[in-house]
Amino acid sequence: MSSVSNPKRTPLFRLITIASSGMGGFVLGLWGLRFGFGDGMAGMPAQAMIGAIAALCALAAGGAAMSFFAGVDESVAYVVKETHFDKLTGLLSRQAMVGKIADAAADTIRTGEPVFLIDIDIDRFKQINDAIGYSHGDELVCAFTSRLKGSMPKDAVIGRIGAGEFGVLLPDRDVRGSIERLIEKLINEMMEPYQLQTHLQSVSLSVGIVAMPKDGVDPVLVLRRSNLALQNARASGVGNWSVFHADMGRVADYRQWIESELKTAFDRGDFSLHYQPQLNLPSGRVVGYEALIRWKHPERGMIPPMEFIPIGEWVLRKACSDAAHLPQDCFVAVNISPVQFMTRDFVGIVREVMESTGIKPSRLELEVTETAMMQDRDRAAAILEQLAEMGISVAVDDFGTGYSNLSYLIDFSFGKLKIDRSFVSRIDTDSSSGAIVSTIVGLSRALGVGIIAEGVETENQATLLRAAGCEVVQGYLFGRPAPLKAELGEARPAFGTREPARIVSLQ
């Protein structure tokens, strides 16, 4: 830090201090000579001795003063560097960003010119870090930082406010076009894969935006609101962004209640698994059941699965145990969350669950989304290969709604594509949805993998799916998710009637 940058230690202040120290040394020298040595020593006149000693004292005092202030400067510079800048990326730290937000708030109050705070987060960064190792995680952060700097206007203030979270302060005057277009372009650029030393790493982003002064001027409040917008974007899916609005605070409070209640609910036994049948259309036979978690709270009743994080290992273990009560020619399908899939020893957990429950590999199917597999393609490919070697089938869940680059279909080992309900729901009203369904069916045949459609609710949808070549389906037309009974018999769904199929093994 230069002297000019510190108003308490200007050059004039330093000069006065050094001069004062020199004069003090001179006076002390005179006092010592006069009272210690008298009028002379070793034949030297007292005046000569006074001059020599005083000069040495002044020189020493000046040097000491300079050394002192240089040391203070170095200490201040060290403290500023440690507290205001991120060691890994060189960006501003969270603490420094709070100060910058305060400065920007003061400017926007004075001028009225809006300033945006853009909160950018690498989704599931902790899981990525655990999966690829901390050194590669640091490498990813540095590569991300470099690309972010290149994507932002030169006057943007950028800081690292979390492990995989970054904040950008951007005055409205520096936004070319609309803020919406800028954010869309930013997300597209930042989600391009990153070439690390050992592999190509894909990431997904969530972005939250607040505008000062409209959304507040208190730095802590502005940061909280940008994070609320970010959480809202993350809940909407991959690569989304959201602008803050007042309702987000209430939603965040509800989510916090959900998270705080989860452990108590688990200990209390609120969770159960419901099973939805999967039907082969030509034979009318149930071929499998998808396990779906349900949470019945003693006070709030049924809480939708989308509002809480499933307890992954518990779901897998319970479903494998329940499979003993299902017909022997049926499998059980279990949804695997992205977090669970990227767990360091996911395959080991699956193997241990299978051994402890005694389920045959052919009777277990794991449903994994495209997004989960694209967190780390190399690791995902290795996991899928190990599962295939164990004899476990993997279905790509919600196919067609996630990652747009279909090249992963060539590299990954999986046994089934699952057509998302968003296409099925419009197959009888939208020709484009019908074309997409037919394309996915054709793709599955070309790849030599199975196909299943979810969300079938009408006979017309079932008929069109069968005409398109999709013979395995699930949905309310054939049975709603329901808890498992101990006294299970053979499932005999009735296809072709307007009533949902009656599954006698379910209640």
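The legends below describe close-up views of a predicted model.

**Conventions.** Residue numbers start from 1 along each chain as its sequence is written, and side-chain values rest on heavy atoms, with hydrogens and water left out. Because the model is predicted, local features need pLDDT of at least 70 and side-chain atom pairs count only at pLDDT 80 or more, while totals for chains, interfaces and linings use all residues.

**View 1. The protein chain as a whole.** The protein chain has 17 helices and 19 strands; these are DSSP runs numbered from the N terminus, helices being H or I with at least four residues and strands E with at least two. Of its 507 residues, 46% count as buried, where buried means under 20% relative accessible area, exposed over 50% and partly exposed in between, with a 1.4 Å probe and protein chains only. Contact means heavy atoms within 4.5 Å. Among contacts in the protein chain with a separation of 6 or more, 67% are between residues 24 or more positions apart.

**View 2. The open sheet S4-S5-S3-S8-S9.** Five strands form an open sheet in this order, with mixed pairing; two strands pair if DSSP finds at least two bridges between them. Strands of a sheet pair through backbone hydrogen bonds, either parallel or antiparallel. Strand S4 (157-160) and strand S9 (240-243) stand at the edges with a single partner strand each, so one side of each has no neighbour in the sheet. On average, neighbouring strands of this sheet are turned by 20° against each other, direction ignored. Strand S3 (residues 115-122) and S8 run antiparallel and are joined by 8 bridges. Leu117 has Val210 in S8 as its bridge partner. Helix H7 packs on the sheet, where H7 touches S3, strand S5 (165-171), S8 and S9. The direction of H7 makes about 140° with that of S8; axes are lines fitted to C-alpha atoms, for helices over the stretch in contact, and angles run from 0 to 180 degrees between N-to-C directions.

View 3. Asp215 is found between strand S8 (205-212) and helix H7 (219-235). With a relative accessible area of 6%, Asp215 is buried. Its side chain makes a polar contact of 2.9 Å with the side chain of Lys214. A polar contact is a pair of N or O atoms within 3.5 Å; within protein, one must be able to donate a hydrogen and the other to accept it, and residues adjacent in sequence count only if both atoms are side-chain atoms. Not counting residues up to four places away in sequence, Asp215 touches Val210, Arg225 and Phe244.

View 4. Rings of Phe, Tyr and Trp (its six-membered ring) pair if their centres lie within 6.5 Å; planes under 30 degrees apart count as stacked, over 60 as edge-to-face and the rest as tilted. The count by this rule is 7 aromatic pairs. Phe144 and Tyr194 have ring centres 6.0 Å apart and planes at 35°, so this pair is tilted. The pair links distant parts of the chain, with Phe144 in helix H5 (residues 134-151) and Tyr194 in strand S6 (residues 194-195), 50 residues apart. Phe144 and Tyr194 are both buried. Arg147 lies over the face of Tyr194, at 3.7 Å from the ring centre. A charge sits over a ring if NZ of Lys or CZ of Arg is within 6 Å of the ring centre and within 35 degrees of the ring normal. Elsewhere, Trp257, Phe266, Phe271, Trp295 and Trp314 form one aromatic cluster. Arg300 lies over the face of Trp257, at 3.8 Å from the ring centre.

View 5. Strand S15 (residues 393-399) pairs with S16 in the parallel sense over 3 bridges, and Phe399 has Ile419 as its bridge partner in S16. S16 also pairs with strand S17 (residues 450-453) in the parallel sense, over 4 bridges. The bridge partner of Lys418 in S17 is Ile452. Phe414 is found in the loop between helix H14 (408-411) and S16, and counts as buried at 13% relative accessibility. Leaving aside neighbours within four places in sequence, Phe414 is in contact with Val394, Val396, Leu409, Leu447 and Val449.
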